[in-house]
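Me: Here's the model I wanted to go over. Let's take it bit by bit.

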Amino acid sequence: MESFFKREIDGAIAHLTMNRPDKANGMTPAFWEELPVLVRELDADPSIRALVISGEGKHFTGGMDLAAFAGIAEITKAEPARGAYALRKLIHKLQDSITVLEQARFPVIAAVHGACLGAGIDMISACDLRLASEDASFAIEEIHIGMTADVGTLQRLPKLIAPGIVKELAFTGRRFSAGEGKAWGFVNSVHADRAATLAAAFALAREIAAKSPLAVAGIKQAVDYARDHSVRDSLDQIATWNAGMLRPEDLMSALNARMAKKQAIFADLIAG
C-alpha cells in the first residue's frame, strides 16, 4: 500500500523512509493514512524489535503538505458549529496517526537530516530516540501561518526539554540546530551527514534488538508512564509489570551468556 513511505526490513530492524524527495517529504494525506497502518503492522510482527524512520533526498521533512490543508479549508466553510466539530475530529485523527509511534512496543528511532519542520517536530517528538546530522535544522513553524501547533509538539516537547525553550521556539518559529537540540536533550547524538546518521541509527537499533524484547517493551512503557503520572503511581506500575512479566527464561539466558562471554539469545514475543 505504500505510496508515501518505502518500507524495508533487515532481520529484526524495520525501516520506514519518507519517499517524496522532490517535495521535501511534505506530509500529504497519504502520510497520515499510511503511517498508523504500517506501524501497527510492524508492531503485530513479533520478529520486529526496532524501527528507524528517515527521509529521502535533501530534507527529512518540510512538514504538512499544502494538499493536507485543502481539506481543512473546506471544513472551515461549513456551518460554524458543525465545522468546528468536524475539524476537532480531524485533528484527533492526525494526532492518533502520530501517537501510534508512542504506542508501538518497540523503540522508534528518528534519523534526521536537513530540515525537520512543523509536523515533522510532532512526529519526532513521539519517537523514542532522535539522531541528527550536523546540517539538520528544526522549527515549530505553525506560528508563521497564524496557528497553534496541534498534533503533539506542544504536549510532548515540554516533557523532553525545558518549557521556557519550547515557548520561545513556538512563539518565534525560529530554526534551531542539531547542536542546540543536543544541548537541550532533544537530540541524542549528532553525526557528520545523512549517511553517518543512518548508520548510527541502525547500529543503535541493532544493539537494542539484541536485548530482551520483553524488557525493552517494559522500559518503553515504564518511562512513558512515568512521564504522565506521579512517582508513586509509576513505582506501582513497574512493580505490577515485573510481577507479571519477570520470568526466569530471559534472566538465565542473559546470566549464562554473560558468564560465557557470549551474546545472549532472546526469544521473540508472541503475536497477539
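Me: Skipping neighbours within four places in sequence, what is Glu142 in contact with?

Reply: Glu142 is in contact (heavy atoms within 4.5 Å) with Gly118, Ala119, Asp122, Met147, Thr148 and Ala149, once neighbours within four places in sequence are set aside. Keep in mind that this is a predicted model: local features need pLDDT of at least 70, side-chain atom pairs count only at pLDDT 80 or more, and totals for chains, interfaces and linings use all residues. Numbering starts from 1 along each chain as its sequence is written, and side-chain values use heavy atoms, with hydrogens and water left out.

Me: Where does Glu142 lie, and is Glu142 buried or exposed?

Reply: Glu142 lies in the loop between β7 (137-139) and α5 (153-156); helices (H or I, at least four residues) and strands (E, at least two) are DSSP runs, numbered from the N terminus. Glu142 has a relative accessible area of 10%, so it is buried (under 20%; exposed is over 50% and partly exposed in between, with a 1.4 Å probe and protein chains only).

Me: OK, helices. At what angle do α9 and α10 pack?

Reply: About 165 degrees, with the axes of α9 (residues 213-228) and α10 (residues 231-245) 9 Å apart. The axes are lines fitted to C-alpha atoms, for helices over the stretch in contact, and angles run from 0 to 180 degrees between N-to-C directions. That makes α9 and α10 roughly antiparallel (over 145 degrees; under 35 is roughly parallel, 65 to 115 roughly perpendicular and the rest oblique).

Me: And which hand is the crossing of α9 and α10?

Reply: α9 passes α10 in a right-handed crossing. Right-handed is when the near helix is turned clockwise from the far one by less than a right angle, left-handed when anticlockwise.

Me: Which residues make that contact between α9 and α10?

Reply: From α9 you get Leu214, Ala217, Gly218, Gln221, Ala222, Tyr225 and Ala226, and from α10 Asp233, Ser234, Gln237, Ile238, Trp241 and Met245. They divide into eight nonpolar, four polar and one charged. Here Ala, Val, Leu, Ile, Met, Phe, Trp, Tyr, Cys and Pro count as nonpolar, Asp, Glu, Lys and Arg as charged, and the others, Gly among them, as polar.

Me: How many residues does α9 have, and which ones are buried?

Reply: α9 has 16 residues and reaches 23 Å from first C-alpha to last, close to the expected 22 Å, which is 1.5 Å times one less than the number of residues. Pro213, Val216, Ala217, Gly218, Lys220, Ala222 and Asp224 are buried in α9. What covers them includes α3 (80-103), β4 (108-112), α8 (194-209) and α10.

Me: Where's His229 found?

Reply: In the loop between α9 and α10. At 36% relative accessibility, His229 counts as partly exposed.

Me: What about Leu235, where does it lie?

Reply: Leu235 lies in helix α10, and it's exposed, with a relative accessible area of 55%. Leu235 and Tyr225 are ten residues apart in sequence and 9.9 Å apart in space, C-alpha to C-alpha.

Me: Switching over: at what angle do α1 and α3 pack?

Reply: About 25 degrees, with the axes of α1 (residues 29-43) and α3 9 Å apart. α1 and α3 are therefore roughly parallel, and α1 passes α3 in a left-handed crossing. The contact uses Phe31, Trp32, Glu33, Leu35, Pro36, Val39, Arg40 and Asp43 of α1, plus Lys93, Leu94, Ser97, Ile98, Val100, Leu101 and Gln103 of α3. It divides into nine nonpolar, two polar and four charged residues.

Me: Last one: what's the phi of Ala24, and of Lys261?

Reply: Ala24 has a positive phi of about 55 degrees although it is not a glycine; it is found in the loop between β2 (13-18) and α1. Lys261, also not a glycine, has a positive phi near 55 degrees and lies in the segment after α11 (248-259). Ala24 counts as partly exposed at 24% relative accessibility, while Lys261 counts as exposed at 79%.
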